[in-house]
Amino acid sequence: TNSFAIDCTFNYNLSGYLTSLISTTDFNTVTDIPQYGFFSLFKYQDTLLNAKDVITDNIINVGNSSFYDSFNDCYKLKTAPTFNNVVSVAKNGFRSCFYNSEDLILAPTFESLTTVAQQGFTLTFLDCTSLVNAPTFESLTTVEQQGFEGAFSNCRALLNAPTFESLTTVGQEVFLECFQDCISLVTAPQFNNIEVAQFNEFSHCFEGCISLLNAPQFNNITTA
């Protein structure tokens with residue numbers, strides 16, 4: 001049972017814009033989001049402007065598919081929630097979370113995140129064509145198979161890639177098509193002390209990045 005979706009009431013202002021929700025769950029006390037916790041909860045809420053109004057910054061652990069499709073097709077969403085206290089993301093945790101939120105300008109921040117499970121950020125920001133700034137992943141050390149597959153694909157306004165300076169362990173196809181067709185991307189990420197297994201981790205990662213000035217840097221790369 002998805003306890004987070006039971007008896008949810010969406011509140012709108014006089015102009016018809018979603019401003020908040022009421023639920024049987026007090027989100028201010030929630031630190032662990034269970035499996036399917038926010039699955040598709042705000043999907044097609046095309047009047048939501050600011051997700052910070054509906055999701056608090058207390059979350060530490062994101063469960064399996066917790067934010068899968070949560071803000072999918074929120075066309076007018078401009079500001080994402082902050083996830084600065086999140087430490088771990090389970091399988092499919094943020095899969096397709098902001099897919100096709102075409103007005104989203106500022107991405108969430110993940111300052112404390114250390115571990116991403118399989119497909120944790122797959123297609124998360126796909127077709128967010130107004131996204132300018134990528135999230136920060138400064139503490140991230142481990143990403144499992146296809147963890148960022150297509151995560152920023154077709155983010156046509158994105159200028160700078162996220163930082164992955166602490167990342168050391170990655171699974172197969174972890175960045176497959178990650179920045180594909182990011183036609184405005186100028187700066188690629190830097191990877192220090194990363195260990196690879198199959199050498200397919202970056203397949204088609206920067207395909208179509210026609211504005212890229214600096215290639216990604218791989219310092220002290222090793223094989224498993």
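Guide: Let's settle what a pair is. Two rings of Phe, Tyr or Trp (for Trp, the six-membered ring) pair if their centres lie within 6.5 Å, and planes under 30 degrees apart make the pair stacked. By that rule there are 28 aromatic pairs. Keep in mind that this is a predicted model.

Take Phe-38 and Phe-67 as a worked case. Their ring centres sit 5.0 Å apart and their planes are at 25 degrees, so this pair is stacked. Now look at where the two partners come from. Phe-38 belongs to the loop between strand S3 (32–33) and strand S4 (61–62), while Phe-67 belongs to the loop between S4 and strand S5 (88–89), so the pair links distant parts of the chain, 29 residues apart. The cut-off for buried is under 20% relative accessible area. Phe-38 is buried because its value is 2%, and Phe-67 is buried too, with 0%.

Phe-175 is buried, at 0% relative accessible area.

Step back for a moment to the overall fold. Of the 224 residues, 46% are buried. Among contacts with a separation of 6 or more, 85% are between residues 24 or more positions apart. The accessible surface comes to about 9500 Å², and carbon and sulfur atoms hold 46% of that area.

Next, the charged side chains. Side chains of opposite charge can pair when their charged atoms come close. Searching the whole structure turns up two salt bridges. In one of them, Asp-69 pairs with Lys-43, the closest N and O atoms being 3.6 Å apart. Asp-69 lies in the loop between S4 and S5 and Lys-43 in the loop between S3 and S4, 26 residues apart, which again links distant parts of the chain. Asp-69 is buried at 10% relative accessible area, whereas Lys-43 is partly exposed at 25%.

The other salt bridge joins Asp-103 and Lys-78, with 4.0 Å between the closest N and O atoms. Here Asp-103 sits in the loop between S5 and strand S6 (115–116), Lys-78 sits in the loop between S4 and S5, and the two are 25 residues apart. Asp-103 counts as partly exposed, at 26%, and Lys-78 does as well, at 38%.

The loop between S5 and S6 also holds Asn-100. Asn-100 is buried, with a relative accessible area of 18%, which is under the 20% cut-off. Its side chain makes a polar contact with the side chain of Asp-73, at 2.7 Å. Setting aside sequence neighbours within four places, Asn-100 is in contact with Asp-73, Tyr-75, Leu-126 and Asp-127.

Last, the cysteines. There are zero disulfides here. A disulfide needs two cysteine sulfur atoms within 2.5 Å. For Cys-97, the closest cysteine sulfur is in Cys-74, 8.8 Å away, so that is too far for a bond. Cys-128 has its closest cysteine sulfur in Cys-155, and at 5.3 Å this is too far for a bond as well. Cys-97 is buried at 0% relative accessible area, and Cys-128 likewise counts as buried, at 0%.

Definitions and conventions. Residues are numbered from 1 along each chain as its sequence is written. This is a predicted model: local features need pLDDT of at least 70, side-chain atom pairs count only at pLDDT 80 or more; totals for chains, interfaces and linings use all residues. Side-chain values use heavy atoms; hydrogens and water are left out. Rings of Phe, Tyr and Trp (its six-membered ring) pair if their centres lie within 6.5 Å; planes under 30 degrees apart count as stacked, over 60 as edge-to-face and the rest as tilted. Helices (H or I, at least four residues) and strands (E, at least two) are DSSP runs, numbered from the N terminus. Buried means under 20% relative accessible area, exposed over 50%, partly exposed in between (1.4 Å probe, protein chains only). A salt bridge is a side-chain nitrogen of Lys or Arg within 4 Å of a carboxyl oxygen of Asp or Glu. Contact means heavy atoms within 4.5 Å. Accessible areas come from the Shrake-Rupley method with a 1.4 Å probe; for residues, only the protein chains shown count as cover. A polar contact is a pair of N or O atoms within 3.5 Å; within protein, one must be able to donate a hydrogen and the other to accept it, and residues adjacent in sequence count only if both atoms are side-chain atoms.
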